[in-house]
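Q: Could we go through this chain together, starting with the overall picture and then turning to individual residues?

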Amino acid sequence: MTIDVLIVDDDELIRVGLRAIVDAQPDLRVVGEATDGAEVPPLVARLRPRVVLMDVRMPAIDGIQATRRLLAASADPPRVLVVTTFANDEYVYEALRAGASGFLLKRARPAEVVEAIRVVAAGESLLFPAAIRRLAGAYGVRGGDGLRAARLTEREGEVLRLMAAGLSNPEIADRLVVGVETVKTHVGNVLAKLGVRDRTQAVIAAYESGFVMPAG
């Protein structure tokens with residue numbers, strides 16, 4: 001199945017480069033471009049991309065605001081992959097908290113760009129878990145009830161911790177000696193109980209509540 005991609009960046013050179021990388025793959029396709037976050041919701045409604053490559057810093061509506069607006073405007077929003085110059089950037093972490101599924105450096109190699117798009121589109125792995133852990137350690141607000149209000153079962157808690165460690169669904173299945181479909185069920189239950197749309201937000205919630213420690 002072809003993964004449709006929308007590119008959002010105010011720098012034309014970045015857009016041209018990303019388009020060349022994406023369109024060179026048989027399973028990826030650029031369906032549109034935007035130069036500012038304000039253009040994103042109507043374009044998404046019309047083009048229905050699976051993944052949005054979103055510049056985090058734009059002059060009018062930045063990637064954080066654009067991500068919030070996109071998730072608020074659509075019942076089935078695409079995955080947002082933030083594109084940034086610096087990995088250790090509070091803007092990146094705020095974009096992840098707003099609902100982005102991962103981030104990508106502008107200096108990333110073409111193979112890394114392609115793999116990142118495929119990972120966030122599939123939604124069964126956490127993109128760059130070590131980097132997200134570092135961001136949570138630097139910018140996350142830890143405290144709260146450790147997710148007690150979510151009433152996760154013991155097994156669901158195990159699955160969430162393994163998600164935070166960066167394990168994919170098949171890797172979690174191997175670790176827990178259960179089937180992949182069973183893991184998918186547990187992951188779905190975790191997302192539902194936490195009220196989040198994907199595993200990135202679940203992991204951030206785990207860090208910020210103290211359920212999982214970023215240094216751990």
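This is a predicted model: local features need pLDDT of at least 70, side-chain atom pairs count only at pLDDT 80 or more; totals for chains, interfaces and linings use all residues.

Q: What is the radius of gyration?
A: The chain has 17 Å, which agrees with the value near 17 Å for a compact globule of 216 residues. The radius is taken over C-alpha atoms, and the globule rule is 2.2 Å times the number of residues to the power 0.38.

Q: And what share of the residues is buried?
A: Buried residues account for 51% of the 216 residues, where buried means under 20% relative accessible area, exposed over 50% and partly exposed in between (1.4 Å probe, protein chains only).

Q: Turning to Asp55, what does UniProt say?
A: An unreviewed UniProt entry places the feature "modified residue: 4-aspartylphosphate" at Asp55. UniProt positions follow the numbering used here, feature names are shortened, and annotations may be inferred rather than shown by experiment.

Q: Is Asp55 buried or exposed?
A: Asp55 is buried, with a relative accessible area of 3%, and belongs to strand β3 (residues 51-55).

Q: Which residues does Asp55 touch?
A: Leaving aside residues up to four places away in sequence, Asp55 touches Val8, Asp9, Asp10, Gly63, Val83 and Lys106. Contact means heavy atoms within 4.5 Å.

Q: Where does Val80 lie?
A: Val80 is in strand β4 (residues 79-84) and is buried, at a relative accessible area of 0%. Beyond residues up to four places away in sequence, Val80 touches several residues, including Val52, Met54 and Leu70.

Q: Why is helix α10 described as largely enclosed?
A: Ten of the eleven residues of α10 (residues 199-209) are buried, so the helix is largely enclosed by the rest of the structure. Among the buried ones are Val203, Ile204 and Tyr207.

Q: Which helices do those buried residues pack against?
A: The buried residues of α10 pack against α4 (90-98), α6 (129-139), α7 (154-164), α8 (169-176) and α9 (180-194).

Conventions. Residues are numbered from 1 along each chain as its sequence is written. Side-chain values use heavy atoms; hydrogens and water are left out. Helices (H or I, at least four residues) and strands (E, at least two) are DSSP runs, numbered from the N terminus.
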